[in-house]
Amino acid sequence: MDGSVQLTNDARRQIDDLLAEYAHAIDDDRLEEWADFFTDECSYRMINRENHEKGRVIGIMDCSSKGMLRDRILALREANVYEPHTYRHILSATRITGYSGDVYSVETSFLVIRTMQEGDMSVFCTGKYVDEIVLDGDSPKFRKRLVICDSNRIDTLIVIPI
Amino acid sequence: MATDIKDLVKWPDDGVSSIPYQIYTDPDVYDEEQRRIFRGPVWSFVGMENEIAKPGDYQTTYIGDTPVIVLRDLEGDIQVIVNRCAHRGNLVCIAKEGHAEELTCVYHNWRYDLQGNLKSVAFGKGVGKQGGMPEDFDRTQHGMQRLKCEIYAGLVFATFSDEVAPLTEWLGDEMVENIDRVVGRGMVLLGTYSQYMPNNWKLYMENVRDSYHASILHMFQATFRINRLSMKGGIKMSDGGWHHISYSIAETDQEEAEYDAKKLRAVKDGYTLADPTLVKGWREFDCGTTLAIQSTYPNFVVQQISNSLALRLCLPKGPGECELLWWVFGAPDDTEEQRDIRIKQSNMIGPGGVISMEDGVVGGWIQRGTRRDLGKSSVVLMGGRGIEPSGEGRATEVSIRGFWQGYRDCMGV
């Protein structure tokens, strides 16, 4: 933790809970809840590490509104064609990198194992979340979630968000 | 000695409208493709010139599955050199990109200039008069293999062939015209990524040329009732069918302007986008072209989907796998708003593209579906048997047949 960030136990617990609930919602296929983890004004971007470090702006997904988050999930349910699969997210401990007003900047590493319907399992993606989390009352939410993938490669396709 | 290719592949009698499953799977066919296609009479895309802007800048990539270095030499010229030391065959450049004043093999310190000429070998005169290279060792005979290269509109192409026509002649006027249109203003790289697919490279290239599947496999637009207003379109192909463009042109100037929330009508049992700005674009090209997918033989793609511009290169990685490299770009004079539109539209393309993600998965399904019946063939009869584009309309597989014409020409099958 950066020395300047003083965190109450309650704030820490709320941040940890949000990160855990988000991952479980995706892994449990409760994808319709995905957008509700975000504030009304929000962004969700997934980009690979190389592009991010070079300051390039286009990545794998770029949702700049809550509506775009909902559209992603509706498309996944109703339009897109893919082989059924699930994720299992494993998260690291969270590093608090900043605090201003009600907004906490935090970073968490992730590992996502993908299991295909016939049983094939693979390390689908690793990387880190760089988040801005708003603690407002008792329901913390993401204002920004940046997913930085370690690898430039995506195997076959990505339809379920990370 | 060369394999007799006709013993290896029994091509069905039906020209280019019946494709033997064997060629998606057979390792011997794969090896012949490397020799006859990727080292044959084709120009392979190897990178963007402005990514190696300064003398000494280099990138590493592949032609087929042969590793190559693309660099700018100290005179400022682009060189494409097989990434292999003439001594023991070690990769000379390991990094994906970098900067070097010379090429040095880390294994035994053989040093080459940026044209691939061997300058010195470590301990060439031995150590303490012991060892060293023989007297008759001639450095000029042991350079790295340099390939012929040409640059057009900032795209670098290279070839192993001495026979292939000059690049623009090989592409033909219509192909060059589309490259000029999409790429000619200059490219500002906005992002790169790769999509690794569990299928033979040719299955992806068939998909790229397949205008028949677009509105059937990709259900995003239909599901959300995103009605494209009446558009004309069609297929253009180079002489002999090797290269293709599948395109759509808006009928009116209003087409893109009207393409907003008001027009995204939901009909019964349909869905609407919560945020229709996803599909908002601007009329970027005076000709009104809203979509143009161009492929040059064998494995390079220039994409314009509305305002989403990209290059794609499908690299073979053995008979059953391939890697699709993407370069997503904008134009030098883009406004901030235009750049934001390109970013938004990038949600429709690539491995996570709501419209195009399926292109990454069908190839693998065909690979699994066909591998036990190598004597059987696929059917490519939509729109006839030939390789002549027939007027307007995209309910045709003619450009897939063009790909197979190129294949048969190169492979001698």
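In which sense do strand β7 (residues 153–155) of chain A and β12(B) pair, and over how many bridges? The two strands pair in the parallel sense over three bridges; two strands count as paired if DSSP finds at least two bridges between them. Strands, like helices, are DSSP runs numbered from the N terminus, a helix being H or I with at least four residues and a strand being E with at least two. This is a predicted model, in which local features need pLDDT of at least 70 and side-chain atom pairs count only at pLDDT 80 or more, while totals for chains, interfaces and linings use all residues. Residues are numbered from 1 along each chain as its sequence is written, and chains are lettered from A and ligands numbered from 1 in the order in which they are written.

**The contact between the chains**

- Chain B contributes 33 residues to the contact and chain A contributes 30 residues; two residues are in contact if their C-beta atoms, placed from the backbone, lie within 7 Å.
- On the side of chain B that touches chain A, the elements giving two or more residues are β12 (188–197), α7 (220–223) and α9 (336–345) of chain B.
- The most is given by β12(B), with nine residues.
- This side of chain B divides into 19 nonpolar, eleven polar and three charged residues. Here Ala, Val, Leu, Ile, Met, Phe, Trp, Tyr, Cys and Pro count as nonpolar, Asp, Glu, Lys and Arg as charged, and the others, Gly among them, as polar.
- In the pairing of β7(A) with β12(B), A:Arg153 stands opposite B:Ser194.

**The sheet that includes strands of both chains**

- Strands of a sheet pair through backbone hydrogen bonds, either parallel or antiparallel.
- Eight strands form an open sheet with mixed pairing, in the order β7(A)-β12(B)-β18(B)-β17(B)-β16(B)-β15(B)-β14(B)-β13(B).
- Its edge strands, each pairing on one side only, are β7 of chain A and β13 (231–237) of chain B.
- Neighbouring strands of this sheet are turned by 15° against each other on average, direction ignored. For angles, axes are lines fitted to C-alpha atoms, for helices over the stretch in contact, and the values run from 0 to 180 degrees between N-to-C directions.
- Within the sheet, β15 (residues 289–296) and β16 (residues 300–305) of chain B pair in the antiparallel sense over six bridges, and B:Ile293 has B:Gln303 as its bridge partner in β16(B).
- Helix α5 (residues 201–208) of chain B lies across β12, β15, β16, β17 (308–316) and β18 of chain B, at about 150° to β17(B).

**One residue of this sheet: B:Leu324**

- B:Leu324 lies in strand β18 (residues 322–330) of chain B.
- B:Leu324 counts as buried because it has 25 C-beta neighbours inside 10 Å. A residue is buried if 20 or more other C-beta atoms, placed from the backbone, lie within 10 Å of its own, exposed if 12 or fewer, and partly exposed in between.
- Apart from neighbours within four places in sequence, B:Leu324 is in contact with B:Ser194, B:Gln195, B:Met197, B:Tyr204, B:Arg312 and B:Cys314.

**The six-stranded sheet of chain A**

- Six strands of chain A form an open sheet of mixed pairing, in the order β2-β1-β6-β5-β4-β3.
- The edge strands are β2 (61–63) and β3 (85–100) of chain A, each of which pairs on one side only.
- The twist from one strand to the next averages 20°.
- β3(A) and strand β4 (residues 103–116) of chain A pair in the antiparallel sense over 13 bridges, with A:Gly98 opposite A:Ser105.
- Helix α1 (residues 9–27) of chain A lies across β3, β4 and β5 (121–134) of chain A, running at about 160° to β3(A).

**A helix and a hairpin of chain B**

- In helix α4 (residues 173–183) of chain B, the residues B:Met175, B:Asn178, B:Ile179, B:Val182 and B:Val183 are buried.
- Seen down the axis of α4(B), these buried residues fall within an arc of 100°, so they line one face of the helix; the arc is that of the directions from the helix axis to the C-beta atoms.
- On the other side of α4(B), B:Asp173 and B:Asp180 are exposed.
- Strands β10(B) and β11 (residues 155–159) of chain B pair in the antiparallel sense over five bridges, and B:Glu150 has B:Phe157 as its bridge partner in β11(B).
- The hairpin of β10(B) and β11(B) has two residues between the strands, and B:Ala153 there takes a positive phi near 50°.
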